[in-house]
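Here is a short walk through one protein structure. Keep the sequence and the 3D view at hand as you read.

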Amino acid sequence: MGQLAVDPALKPYKSVPGVSGQLKTVGSDSMNPLMLLWTEKFKTYYKGVRTEVEGQGSSKAMPALIEGAASFGPMSRDAKSNEIADFEKKFGYKPTLVPTAIDLLAVYVHRDNPLKEVSLPQLDAIFSSTRKLGGEAIDKWGQLGLVGDFESAGVAMFGRNAASGTYGYFKEKVLGNGDYKDLVNEQPGSTAVIQSIGENRFAIGYSGVGFKTSSVKALAISAKSGEKSFEPSSENAYSGDYPLARYLYLAVNHKPGAKLDPVRREFLRFVFSKEGQELVAKEGSFPVDAATATKALKSLGIDP
């Protein structure tokens, strides 16, 4: 995948004096590579800033913010109503979630698997015990039209654990909020999912598009059986055709009308700058445009 060009209207980042202190993020494992790129680059502007990145899953982001244990909470899904309620109960106002990048959730098979495309109802039939999208359960590759030694082989399923925003997103968008089969092998991180699929010819699993390696291939996906399928590409991300595109968020504790401290303010200005969004493209996700960046900064009381 060639690196994407960022919106030319995004402004270059210019450092300001007087920024130092601790910057800690707790949340999405899917966003870990991005958070590490951002924080390492940010420290080149500010030698007095110390950073720490913990990828424990999106469900850990809001508790860390509520407890004051994190500067930001990276999340690969929207906040849940109970998370917002818990935050509001503590602070008297809601958390602010800003969209920092676009990620495509890809469905992967082993590179030797001849399958090229799959529909959301088929994925539901593979991964779900409740099959909210209809259809009969799929447990053999032959049910997807594969022949040879694949025909009678069982489908080995790999996914994330319940702390993961990716787990929740897949459950909502693919399983129609149904239940996963007990046989889905839950992995602690995105890299582990890819590694497991790469080691098993009969495996299928899901992970962010930025985690792809040469041992796996990503399938084209259609929203409904018989409809056109779309590759997880930048073109299909921005057009909205790829059915599993999502925003990657940073959750922020920002009291309306108050100013953010210099470290958090400048980190956000950096994330939404030309340099910050170039790192999004480098990592394998898709940059937001200048209009989205400006709106995000203004929602936090920051002049772009």
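A pocket is an open set of points on a 1 Å grid over the protein atoms alone, where a 1.4 Å probe fits and protein lies on both sides within 12 Å along at least five of seven lines. Lining residues have an atom within 4 Å of a point. Grid points are joined across faces, edges and corners, and a volume is the space filled by probe spheres set on the points.

This is a predicted model, in which local features need pLDDT of at least 70, side-chain atom pairs count only at pLDDT 80 or more, and totals for chains, interfaces and linings use all residues. Residues are numbered from 1 along each chain as its sequence is written, and side-chain values use heavy atoms, with hydrogens and water left out.

Start with the largest pocket. Its volume is about 310 Å³. It has 16 lining residues, and Arg77, Asp78, Tyr169, Glu172 and Lys173 lie nearest its centre. Two or more lining residues come from each of α5 (165-173) and β11 (245-252). Helices (H or I, at least four residues) and strands (E, at least two) are DSSP runs, numbered from the N terminus. α5 gives the most to this lining, with 6 residues. By class, the lining of the largest pocket has 6 nonpolar, 3 polar and 7 charged residues. Here Ala, Val, Leu, Ile, Met, Phe, Trp, Tyr, Cys and Pro count as nonpolar, Asp, Glu, Lys and Arg as charged, and the others, Gly among them, as polar.

Now turn to the second largest pocket. It holds about 200 Å³ of space. Its lining has 14 residues, with Lys11, Phe272, Ser273, Leu297 and Pro304 closest to the centre. Helix α10 (residues 290-299) gives the most, with 4 residues. The classes here are 9 nonpolar, 2 polar and 3 charged.

Next comes strand β1 (residues 21-27). Why is β1 largely enclosed by the rest of the structure? Because 6 of its 7 residues are buried, meaning under 20% relative accessible area with a 1.4 Å probe, protein chains only. β1 runs parallel to strand β2 (residues 49-55), and 7 bridges join them. Two strands pair if DSSP finds at least two bridges between them. Thr25 stands opposite Val53 in β2.

Last, find Ser215. It lies in the loop between β8 (203-208) and β9 (216-218). Ser196 is 19 residues apart from Ser215 along the chain, and their C-alpha atoms are separated by 9.9 Å.

Notes
Buried means under 20% relative accessible area, exposed over 50%, partly exposed in between (1.4 Å probe, protein chains only).
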